Amino acid sequence: MRNLCVCLHTYVYMKKIYFDNSATTKIDPRVFKAMTPYLKDEYGNPGSIHSFGQTALAAVDEAREKIAKFFSCSNQEIIFTGCATESNNLAILGTVNYFLEQNKKVHIITLAIEHPSVLEVFKALKKKGQVEVDFAPVDANGIVKLEPLKNLIKENTVLVSIMYANNEVGSIQPIEQIGEIVKKERVKRGEKGLAIRFHVDAVQAINCLDCNVDKLGADFLGFSGHKIYAPKGVGALYIRRGIKIEPLCYGGHYEYNLRPGTLNVAAIVGLGKAIELIGEEKEADIEKLKKIKNKLIAEISKIDNIRFNGNADQQLPSLINVSFYKAEGESILMTLDMLGIAISTGSACSSGSLEPSHVLTAMGIKPEWSHGSIRISLGRFNSEDEVEYFISKLKFVVSKLRAMAP
Ligand code: PLP
C-alpha cells in the first residue's frame, strides 16, 4: 500500500515535458475557441444553400482567405484535405495520373530523405513500373546535392518533389534554388514542351520558414493542421492556378472537383486561425525556440560520445537530432517517457524493425550512431525552464543505459 501511495504520488506530481512537437502539437487555446461554434451551434453543411449552410461556407471561405494570404496566393489555389499525407498523394498521384491519361511516358524525382507520405508513393509507382523514378542524394547534413539533382532532370521529367524541412533531422532544403532549376527547365522546354512541376512538402516548415509560393517557385505545397497547433484530420494543398491534376477520389463538387467529401468545417476554421497566428507571431516564436535550442545544445554537448545530426545553421530552430554512442534511441525514449518526458527516436525501431532511419543512412551516418539517435522537437508551449529538468533526466538515463550496454 505504501509503495502504491509513493507510485501515485510520483505519478500525480511528476513533471511532464513535451518535446515531440514535430510529431504533433497541442491545439492552441485560441484555435480551439475559434473552432468551438462550428462543433456546436453552427453545424450547417457548407454545400447547403440555406442559411445554416451559408454560415458554414462563410467560415470556410474566411479560413481559405487567411491561408491564401499566408502563402501569397489566391483563395482558389487552396484545396482542403484530411492531412498532409493526402495533400502529398494528391499532388504526386494527381500529376502522374494526369500524364498517364494522355499516354505519356514520364519521369519523376524526389529526395532520398522524404517523409513516407512522399517516399512510399514514389516507391509504389516505381514498383508498378508505370513511371520512371529517381531519388536525389543528400550530403552529410541532410541537404540536397544540387548538381546531382540537376543532372537527374530529363526531357520527360514532370515532377520534382522536395520537402522544405526534414522531419527527423530538421535540415532545410534550398527550395528557392530548386524552384529556379525547375523554372529554367520549364523555360528551356518552351510552350510546346512537357510541363514540369515542383511539389514542396512544407509540413515541418510552416511554423518557422518563409512560405511565399512565388518566391519558392512551388507549384504544389502541402501542409497539415496538427503540426501547427490546429487539430488532427485537416490539411491543405496549394495548387498553382492553371495546373491540371486528376483527383484521387470521385463523388462530389467540393474543392473545385479535386477533393470530394463534406468539408470538416470546424477543423478548417481551426486551420485558418492557426495560420493567422503564425503570421502574427512567427518572429517571436522563432526567437524563443532558438533560445531553448541553444541552451539544450550547450548542455547536451557536455555529455561524452555524442554527435549532433545535421548542421544547426541549416536546420529548423525547433529541432535537434542527436546520437548517443552505446545507448539505444528507443531505450532512451522509453525511459524518458517513464520520467514524464516525450521525445522521439530517429530510428525505425518504433515500427518493430531494427533498420536504422532511412534519413540518417542517406546522410552517411553509421548504424552504431544512428541506433542511438533521438529527436527533440520544440514548440510554442515549451519554455527555457524545462531545459534543466530535461537535461538532468537525459544525463541520468544515458549513463544508466551505457552502464548496462554490453
Ligand atoms: N510530411 C512530413 C515532413 C511530416 O513530418 C509528416 C508528419 O509527420 C507528414 C508529411 C504527414 O502529415 P500528416 O500526419 O498530416 O499526414
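I began at Gly129, which takes a positive phi of about 75 degrees just after α5. The model is predicted, so I checked confidence next. Mean pLDDT for the protein is 94, and 95% of its residues reach 70 or more. Over residues 1–9 pLDDT stays under 50, and I found zero contacts there beyond four places in sequence.

I went back to helix α5, residues 116–128. Its 13 residues reach 17 Å from first C-alpha to last, close to the 18 Å expected. I noted Ser117, Val118, Leu119, Val121, Phe122 and Leu125 as buried. I looked up what the buried residues of α5 pack against; the list includes α4, β3 and α11.

Next I turned to the salt bridges, of which the structure holds 22. Asp214 pairs with Arg240, with the closest N and O atoms 3.0 Å apart. Asp214 sits in helix α8 and Arg240 in the loop between β8 and α9, so this pair ties together parts 26 residues apart in sequence. I logged Asp214 as partly exposed at 46% and Arg240 as partly exposed at 22%.

Within helix α9 I found Glu276 and Lys273 three residues apart, about one turn. Their side chains meet in a salt bridge at 3.3 Å, N to O.

Glu299 forms a salt bridge with Lys302 at 3.0 Å. I also recorded one network of salt bridges with shared partners, joining Asp28, Arg30, Glu281, Asp285 and Arg380.

Last, I looked at the surface. Ile27, Phe32 and Leu39 form a nonpolar patch with about 280 Å² of accessible area together. Leu39 belongs to helix α2 and is exposed, at 55% relative accessible area.

How values were computed
Residues are numbered from 1 along each chain as its sequence is written. This is a predicted model: local features need pLDDT of at least 70, side-chain atom pairs count only at pLDDT 80 or more; totals for chains, interfaces and linings use all residues. Side-chain values use heavy atoms; hydrogens and water are left out. Patches are made of residues with over 30% relative accessible area and no salt bridge: like charges are joined within 9 Å, nonpolar side chains (Val, Leu, Ile, Met, Phe, Trp, Tyr) within 5 Å. Accessible areas come from the Shrake-Rupley method with a 1.4 Å probe; for residues, only the protein chains shown count as cover. A salt bridge is a side-chain nitrogen of Lys or Arg within 4 Å of a carboxyl oxygen of Asp or Glu. Helices (H or I, at least four residues) and strands (E, at least two) are DSSP runs, numbered from the N terminus. Buried means under 20% relative accessible area, exposed over 50%, partly exposed in between (1.4 Å probe, protein chains only). The expected span of a helix is 1.5 Å times one less than its number of residues. Contact means heavy atoms within 4.5 Å. pLDDT is the predictor's confidence in each residue, from 0 to 100.
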